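Subject: Structure for you to look at

Hi,

Here is the structure I promised to pass on. Please open it first, then read my notes below.

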Amino acid sequence: MTLLSISDLTVHHGQLRAVDGLNLDLEKGEVLAIIGANGAGKSTLLRALAGLNPPTSGSIRLCGRDITRLPAYKRVSEGIALVPEGRRLFHSLTVEENLLTGAYRRRPGPWTVTRVYELFPWMSDRRRQNASQLSGGEQQSVAIGRALLANPDLLLIDELSLGLAPVIVRRIYEVLPGIVGAGTTALIVEQDVSQAMRVADRVHCLLEGRSVLEGRPRDLTAEQVEHAYFGIG
Ligand code: ATP
């Protein structure tokens, strides 16, 4: 079943076409990774899906419903939750309080604070600590838990691994099957291409706002990916 359908989507920043006539479909239960060089339009796409960057033209459909013009707060109720670049936790709040901010517009579904603690067992022991005391990887995990508490159909994660040590990134990605297994579909922006190829069912490579390569990692050669990433040929 198609969960997300993006047709001919264009998003501008002033005169700049950051996303340029993009078409992309996402099946329920899939993990789709968006790769591409700095400035390719990955974050702009995710922010457009979350309702934070209004499109100039084109459409976004979630479960067949046109959500192109819905404001961000209504998209949470429709089933989209974003883990933003830089995590954006409330540093003066505890781990658990941060998680609960995600439950503000909670939909019915499997995710509860207890279930998030099952996903990240260390979190329960540290639930009363301030978010400011956490490492970058721990903060990213709390940001993911917070997004899950809205019970989204579609979880958007921007720059999951940015600034984190590879071993931490691997540990965070280990929870992805548990997330998808609970019925949540994931669309991730990943600047680490080999990481994206390991964890995703499918990848789209963006170049100057356009999708220049799409496919399952096992069907793509390293050369194809490299050419698409750097815009060669
Ligand atoms: P990065 O990995 O560097 O975040 P990205 O692929 O996520 O790159 P975007 O952040 O979506 O790319 O940026 C796409 C283009 O839009 C870039 O040229 C960027 O400079 C520009 N851009 C992004 N945000 C804004 C903004 N708020 N105002 C003006 N231009 C912007």
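The protein chain has 233 residues, and a compact globule of that length would have a radius of gyration near 17 Å. The chain has 17 Å, so it agrees with the rule. Keep in mind that this is a predicted model. Along the principal axes, the C-alpha atoms fill a box of roughly 55 × 35 × 35 Å.

Next, the fold. The protein chain contains 10 helices and 10 strands. Take the contacts with a separation of 6 or more: 67% of them join residues 24 or more positions apart. Buried residues make up 50% of the 233.

Now the surface and the charges. The accessible surface is about 10,500 Å². Carbon and sulfur atoms account for 50% of that. There are 26 positive and 25 negative side chains. The centres of these two sets lie 6 Å apart.

How many aromatic pairs does the structure hold? There is 1. Tyr-229 and Phe-230 form it, edge-to-face. Their rings are 5.0 Å apart, centre to centre, with 70° between the planes. Are the two partners buried or exposed? Tyr-229 has a relative accessible area of 17%, which is under 20%, so Tyr-229 is buried. Phe-230 has 56%, which is over 50%, so Phe-230 is exposed.

Thr-101 lies in helix α3, residues 95-101. With a relative accessible area of 31%, Thr-101 is partly exposed. Leave aside the neighbours within four places in sequence, and Thr-101 is in contact with Phe-90, Leu-93 and Arg-146. Thr-101 and Phe-90 are 11 residues apart in sequence. In space they are 9.3 Å apart, C-alpha to C-alpha.

Last, some backbone angles. Most residues other than glycine have a negative phi. Asn-151 has a positive value, near 55°. Glu-208 has a positive phi as well, near 45°.

Where do these two residues sit? Asn-151 is in the loop between α6 (136-148) and β7 (154-157). Glu-208 is in the loop between β9 (202-207) and β10 (210-215). Asn-151 has 3% relative accessibility and counts as buried. Glu-208 has 55% and counts as exposed.

Best wishes

Terms used: Residues numbered from 1 in each chain as written. Predicted model: local features only at pLDDT ≥ 70, side-chain atom pairs only at ≥ 80, totals over all residues. Heavy atoms only, no water. Helix = DSSP H or I, 4+ residues; strand = E, 2+ residues; numbered from the N terminus. Rg over C-alpha atoms; globule rule 2.2 N^0.38 Å. Buried < 20%, exposed > 50% of the residue type's maximum accessible area, 1.4 Å probe, protein only. Contact = heavy atoms within 4.5 Å. Areas by Shrake-Rupley, 256 points an atom, 1.4 Å probe, with all protein chains shown as cover. Lys, Arg positive; Asp, Glu negative; His and termini not counted. Charge placed at Lys NZ, Arg CZ, Asp CG, Glu CD. Phe/Tyr/Trp six-rings, centres within 6.5 Å; stacked < 30°, edge-to-face > 60°.
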